[in-house]
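Q: I have a model open and want to learn how to read its features one at a time. Can we walk through it together?

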Amino acid sequence: EGTGKDYLEEEIERLDLKNFVAIQPPRPHAELLSLVALSRAVVVPSLSEVNPQIAVEALSRGIPVVISKYTGLSTPLREMTREIDPLFCADIADALRDMLSDEKWRGLRQKILYAGMGRPFETVAGEYIALVNNLSV
């Protein structure tokens with residue numbers, strides 16, 4: 001959703017990515033997780049999402065994530081993603097091509113699996129508290 005949706009849809013068409021990319025509307029959580037499980041990658045090009053929970057959930061399932069550099073995702077998690085500047089569609093397109101490249105996709109997936117995404121709740125909660133504290137400074 002957002003003001004750039006029409007442009008992104010045009011670029012997806014122009015770059016012949018429509019068989020690989022689906023822009024999803026808001027959905028119930030369980031339905032969204034089902035879609036994530038079927039995905040090669042999840043793209044979160046948000047300019048304003050402080051805590052992109054869908055990115056965390058995708059990573060916890062071993063699914064590579066393309067994430068906006070403007071989110072508040074913690075550094076340890078951010079290091080397992082392909083970061084983009086969503087203000088530049090070319091950056092998004094390059095990231096999508098990376099996710100379609102078996103070599104680049106496997107490299108990102110290996111980072112996720114090597115990191116062992118099954119982190120204790122206390123770690124995740126601590127990262128969240130640190131993020132909130134940084135926002136309130």
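Q: Let's start with charges: how many salt bridges does the structure hold?
A: Side chains of opposite charge can pair when their charged atoms come close. A salt bridge here is a side-chain nitrogen of Lys or Arg within 4 Å of a carboxyl oxygen of Asp or Glu. The structure holds eleven of them. Keep in mind that this is a predicted model, where local features need pLDDT of at least 70, side-chain atom pairs count only at pLDDT 80 or more, and totals for chains, interfaces and linings use all residues. Residues are numbered from 1 along each chain as its sequence is written, and side-chain values use heavy atoms, with hydrogens and water left out.

Q: Which residue forms a salt bridge with lysine 18?
A: That's glutamate 13, with the closest N and O atoms 3.1 Å apart. Glutamate 13 is found in helix 1; helices (H or I, at least four residues) and strands (E, at least two) are DSSP runs, numbered from the N terminus. For accessibility, buried means under 20% relative accessible area, exposed over 50%, and partly exposed in between (1.4 Å probe, protein chains only). Glutamate 13 counts as partly exposed because its relative accessibility is 47%, and lysine 18 is partly exposed too, at 44%.

Q: What does aspartate 85 pair with?
A: Its side chain meets that of lysine 69 in a salt bridge (3.6 Å, N to O). This pair links distant parts of the chain, 16 residues apart: aspartate 85 is in the loop between strand 3 and helix 5 (89–100), lysine 69 in the loop between strand 2 and helix 4. Aspartate 85 is buried at 9% relative accessibility, whereas lysine 69 is partly exposed at 42%.

Q: On to the strands. Are the residues on the two sides of strand 2 buried or exposed?
A: In a regular strand the side chains alternate between the two faces of the sheet. In strand 2, Val65 and Ile67 on one side and Val66 and Ser68 on the other are all buried, so both faces are covered.

Q: Which strands pair with strand 2?
A: Two strands pair if DSSP finds at least two bridges between them. Strand 1 (residues 42–44) and strand 2 pair in the parallel sense over three bridges, with valine 44 opposite isoleucine 67. On the way from strand 1 to strand 2 the chain passes through helix 3 (residues 53–60), and this β-α-β crossover is right-handed: with the strands pointing away from the viewer, the path from the first strand over the helix to the second runs clockwise. Strand 2 is also joined by three bridges to strand 3 (residues 82–84), running parallel, and there valine 66 stands opposite arginine 82.

Q: What about the loops: where is serine 74, and what does its side chain contact?
A: Serine 74 sits in the loop between strand 2 (65–68) and helix 4 (75–78). With a relative accessible area of 17%, serine 74 is buried. Its side chain makes a polar contact with the side chain of glutamate 127 (3.2 Å). A polar contact is a pair of N or O atoms within 3.5 Å; within protein, one must be able to donate a hydrogen and the other to accept it, and residues adjacent in sequence count only if both atoms are side-chain atoms.

Q: Is proline 52 buried or exposed?
A: Buried, with a relative accessible area of 0%. Proline 52 lies in the loop between strand 1 and helix 3. Proline 52 and leucine 73 are 21 residues apart in sequence and 6.8 Å apart in space, C-alpha to C-alpha.

Q: What is the phi of aspartate 16?
A: Most residues other than glycine have a negative phi. Aspartate 16, though not a glycine, has a positive phi of about 55°. Look for aspartate 16 in the loop between helix 1 (5–14) and helix 2 (29–37).
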